[in-house]
Amino acid sequence: MSTKNIGIGMAGFGTVGTGVWETIQRNGSLISNRAKGAFSLSIIKAAVRDITKKRIDDAPADLFTTDWQEVVRHPEVDIVVELIGGTTTAFDIVAEAIKLKKPVVTGNKALLAERGKELFALSKQYDTPIHFEAAVAGGIPVIKAVQDSYVGNRIETMSGIINGTSNYILERMTNAGLDYLEALKEAQDLGYAEADPALDVNGWDAAHKAILLATLAYGFSVDPEQVYVRGIERVRTIDIDFATKLGYAVKLLSVVRQHSDGSVELRTQPSFIAKSHILSSVNGVFNAVAVRGDASGEALFYGRGAGKEPTASSVVADLVEAAYTFVHTAGHRGFLPYSESGQLRPIEETETSYYVRFAVTDRPGVIAEIANILANDGIGISGTHSPVDPEDPDKDFVDMVFLLHKCPFGKLQETLKKCEALDCVTEEPVVFRIEKLATS
């Protein structure tokens, strides 16, 4: 069998793109050997924003261009890798490649979560796949597992810690006693958080990944506007301390769950996770996804959720997968929606127990006023707590914590609006779900 050279065009040559180049240079022969000599990979052209910027030493100068169309339309480019991010130019690049029947590899979760419906339709129309292992959890092969290894399962739940920045911040608040802003600055100083960390700390980076997992598991496109997302910006050390005393860890958790009526629960928010559950021990910038199938039971996928080499590893794995389409007649090997329609369960109908923190004025009757509203609305209270400063026990309290029994989230929201209208409540209440995960 003769070896076919597969040409790769790259849009973006930053940290991950450099990692892809280095991985292919270092392990190209290994990849070819594992493909039994069927093909080899070589990067033909790369589009960059600044062609004068100093890049990798062994890359030839004529590799780079500022015109992405030159990359996508290059006659020797067989596969296009999109690594520029965003949802505008990136969309044009991916769409153009598909129309030219060139398979696409991307790590762009925002693009696929927000505009995947359009791109997957093009993928079907032109019978040209989109591969996106790198879009979820960096170097962890969870996409391939859900798409291939679980093909004989109905996926019941997926619970994941899939944003390393938020996970690092929450860990430092827990273990070092830092407040949110201190932990965020430390993460930025170490390169774990961007100068503008909004997408990480507001929950949307994790939510985009959860949308992709739900799309794979249940086969229908998800409208991001219907997805409930809350970030970690309002988490305080008092919440961390209280969770620890109760035997919980605070994590930014993404939950995907199919209910018996077929509706899919999809949400991302800070949550209390029992320390007996393995996800509670996922620390630092690591990611983990627990997947439960009806046949397989629960499995955990754990590893580095971002970074140059782990993400490059996933990109290269997809490149190899795409390359096989040129030497075998296996047909379309990317994802195609397989369900005509699906329904997200309204967030108001989802149920857990809750931790609710009220900012209050210290005066007699505060607990009774809040408890009375909760009782009248049929929401059970399992405990109350007013944190006291041990160094100044006579100091006015400003926070009141209620632990609430399981109830629909919509009912809780309506009740909390009534509580917020009380004269003694000074801010919007802070809510954490107390999760009951499968193996806790």
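The structure is a predicted model, in which local features need pLDDT of at least 70 and side-chain atom pairs count only at pLDDT 80 or more, while totals for chains, interfaces and linings use all residues. Residues are numbered from 1 along each chain as its sequence is written, and side-chain values use heavy atoms, with hydrogens and water left out.

Helices and strands are DSSP runs, numbered from the N terminus; a helix (H or I) has at least four residues and a strand (E) at least two. Helix α1 covers residues 15–34. The helix has a kink of about 70 degrees, centred on N27. The bend at a residue is the angle between two fitted axes, one for the seven residues ending there and one for the seven starting there. The buried residues of α1 are G17, T18, G19, V20, W21, T23, I24, I31 and S32. Here, buried means under 20% relative accessible area, exposed means over 50%, and partly exposed lies in between (1.4 Å probe, protein chains only). The cover over these residues includes β1 (4–11), β2 (39–47) and α11 (308–327). K36 follows α1 and has a positive phi, near 55 degrees.

Strand β11 (286–293) has two partners. Two strands pair if DSSP finds at least two bridges between them. β7 (residues 155–161) runs antiparallel to β11, with 6 bridges joining them. A hairpin of 3 residues connects β11 to β12. β11 is largely enclosed by the rest of the structure, because 6 of its 8 residues are buried.

The loop between β10 (264–274) and β11 holds I278. I278 is partly exposed, at 45% relative accessible area. Together with L300 and Y302, I278 makes a nonpolar surface patch of about 270 Å². Areas come from the Shrake-Rupley method with a 1.4 Å probe; for residues, only the protein chains shown count as cover. Patch residues have over 30% relative accessible area and no salt bridge; like charges are joined within 9 Å, and nonpolar side chains (Val, Leu, Ile, Met, Phe, Trp, Tyr) within 5 Å.

Strand β10 contains E265. E265 is buried, at 2% relative accessibility. Not counting residues up to four places away in sequence, E265 touches V255, V256, R257, H259, R345 and T350. Contact means heavy atoms within 4.5 Å.

The structure holds 17 salt bridges. A salt bridge places a side-chain nitrogen of Lys or Arg within 4 Å of a carboxyl oxygen of Asp or Glu. One of them joins E70 and K45 at 3.7 Å, N to O. This pair links distant parts of the chain, with E70 in helix α2 (residues 68–72) and K45 in strand β2, 25 residues apart. E70 is partly exposed at 34%, whereas K45 is buried at 12%.

R73 forms a salt bridge with E96, with their closest N and O atoms 3.1 Å apart. R73 lies in the loop between α2 and β4 (79–82), and E96 lies in helix α3 (residues 89–99).

D399 and R236 meet in a salt bridge at 3.3 Å, N to O. They are 163 residues apart, with D399 in strand β15 (residues 399–408) and R236 in the loop between β8 (228–229) and α10 (237–246). D399 is buried at 7%, and R236 is partly exposed at 37%. A network of salt bridges links R236, D239, R357 and D399.
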